[in-house]
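Keep the 3D view open as you read.

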Amino acid sequence: MTRALWTHLAKDLRIEWRSLDALVSMLFFSGLVVVLFSIAFDPRGAFSQQIAGGVLCVATMFASVSALNQAWAREIRHQVMDAQRMVPAPGAELYLAKVLANFLFVTIVQIILAPFFFIFYNLHIAGQAWLLALVLPLGTWALVANGIFFAALSIRSRNRELLLSLILFPIFIPALLAMVQATTAILTGESDPTLWIKLLLGYDIIFTTVSLLLFDVVFHAE
Amino acid sequence: MIAPAREAASSVCARLDNVSKLFGSFAALRQVSVEFEPGCCYVLLGENGAGKSTLLRILAGLLRPSFGKVTVFGEDEPHEARERIGYMSHAPMLYDELTAEENLCYFASLYPGRACLAPAEALRQVGLDPELDRTLGQYSQGMRQRTSLARVLLSAPELLLLDEPFSNMDVESARQMVELLAHFRHGSRTIVLTTHQRELAAPIADYVLTLHAGRVASLEPGRPTQ
């Protein structure tokens, strides 16, 4: 980890620690999604096992978008981004730090949400539970790595919040599919999630690499 | 209009050659040609919308000219010389949620290999107490402006671009800032600043450059007293 990356990350964590903006909004939002889905569907029996993976992923996705929309808000507010564009440190490190910070925030929300999720949907894990510790971070990384990049891309647009969802969701579909299928396979124990996990890993590597390579162009655009 | 270069071309700190900047169909700058010599202070005057801020942003490398050429420290892309440039905008360009010293420590860490001022020293130079345990969001506008100047001074830039540095400042603070800038200019550094308060900047103005509707209306020598 280079010094600039650590500097950006420490700054983002410190600001979030003081404001709790992202964490609180994500917690409320994802909590609502979990509760609403549990009311909309009968959370008893085998059916809940089938839909729980999808609900968890959708809750994570919507909650993350609420934070991703604000990911660059502080940089825009007082033109801090212009000052960051003037420093010699590479922009890719700023991008990576933002991804790491938001990944951490979403992971914290998932950890807090997990017990409620199991209670509301009356879940028991039929497959290998430890694989969830692989699937959820990989899926979250896919969402956050793309989200931070596209949030930076749409930052100068007046409809940036709408634009982010419009760009991000279609691109996230392969990762969402893999995340839902892998989670469902683990919860039900009916199929092998390995292929979906490999797909998620490949997706993460490709999209993180491309975003890192292109971020400087987006960052320094007028 | 090309400003007469008093020294050899190699000693020019920055040069705009026939630079125009279009935002859609609006021309913010029209065929501006001007040279900035090292160790001089240029005061940019002009009504709102005259193109002063656009000119500064082009020199800082934050905007690219639509036409013409910009050279800063011999680089055709000002961005390549960015660590030698300090840019201060109307906005503080700092985080509200951090203290002044935390903000400055953050930016100082982003200049690897450059001898930066200690954040506490930079704050003292602009007349702020580095021990002040308040986030920037709790500062007055004038204090934010001074913190913003401290951020710019941090990396000891050779070209200082200041957009309305005296706005939101009381007269005494503005005078202190002028003294600080005079000291900075004596170190062979170049200052380009925009202002609507000509009399405040007069003591350090080597040149007064007036823009009108995106064009250079005049470039006159100033009468610096500091």
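Before anything else, remember that this is a predicted model.

In chain A, H2(A) goes past H6(A) in a right-handed crossing. On H2(A), the residues making the contact are A:Ala22, A:Leu23, A:Met26, A:Leu27, A:Ser30, A:Gly31, A:Val34, A:Val35 and A:Ser38. On H6(A), look for A:Phe105, A:Val106, A:Ile108, A:Val109, A:Ile112, A:Leu113, A:Phe116, A:Phe117 and A:Phe120. Sort the residues of this contact by class and you get 15 nonpolar, three polar and no charged ones.

How are the two helices oriented? Their axes, for residues 21–40 and residues 91–120, come within 10 Å and cross at roughly 25°. Angles under 35 degrees count as roughly parallel, so that is the label for H2(A) and H6(A).

**A second pair, for comparison**

Now slide along chain A to H8(A) and H9(A). Helix H8 covers residues 160–188 and helix H9 covers residues 194–219, and their axes come within 8 Å, crossing at roughly 150°. An angle over 145 degrees counts as roughly antiparallel, so H8(A) and H9(A) get that description. The crossing of H8(A) past H9(A) is left-handed.

Which residues make this contact? From H8(A) come A:Pro174, A:Ala175, A:Ala178, A:Met179, A:Gln181, A:Ala182 and A:Ala185, while H9(A) brings A:Trp196, A:Ile197, A:Leu199, A:Leu200 and A:Tyr203. By class, that makes 11 nonpolar residues, one polar and no charged.

**Chain A as a whole**

Zoom out a bit. What is chain A built from? It has nine helices and zero strands, so reading from the N terminus you get α-α-α-α-α-α-α-α-α. The radius of gyration of chain A is 18 Å, close to the 17 Å that the globule rule gives for 222 residues, so chain A is as compact as a globular protein of that length. Its C-alpha trace spans about 55 × 30 × 30 Å along the principal axes.

How much of chain A is buried? Buried residues account for 43% of its 222 residues. There is also a lot to say about who touches whom: take the contacts in chain A between residues at least 6 apart in sequence, and 86% of them join residues at least 24 apart.

**Where the chains meet**

Chain B sits against chain A, with 24 residues of chain B in contact with 20 residues of chain A. On the chain B side, strand E5 (85–88) and helix H2 (100–108) each supply at least two residues. That side of chain B holds 16 nonpolar, two polar and six charged residues.

How values were computed:
Residues are numbered from 1 along each chain as its sequence is written. Chains are lettered from A and ligands numbered from 1 in the order in which they are written. This is a predicted model: local features need pLDDT of at least 70, side-chain atom pairs count only at pLDDT 80 or more; totals for chains, interfaces and linings use all residues. Two residues are in contact if their C-beta atoms, placed from the backbone, lie within 7 Å. Helices (H or I, at least four residues) and strands (E, at least two) are DSSP runs, numbered from the N terminus. Ala, Val, Leu, Ile, Met, Phe, Trp, Tyr, Cys and Pro count as nonpolar, Asp, Glu, Lys and Arg as charged, and the others, Gly among them, as polar. Axes are lines fitted to C-alpha atoms, for helices over the stretch in contact, and angles run from 0 to 180 degrees between N-to-C directions. Angles under 35 degrees count as roughly parallel, over 145 as roughly antiparallel, 65 to 115 as roughly perpendicular and the rest as oblique. A crossing is left-handed if the near helix is turned anticlockwise from the far one by less than a right angle, and right-handed if clockwise. The radius of gyration is taken over C-alpha atoms; the globule rule is 2.2 Å times the number of residues to the power 0.38. A residue is buried if 20 or more other C-beta atoms lie within 10 Å of its own, exposed if 12 or fewer, and partly exposed in between; C-beta atoms are placed from the backbone.
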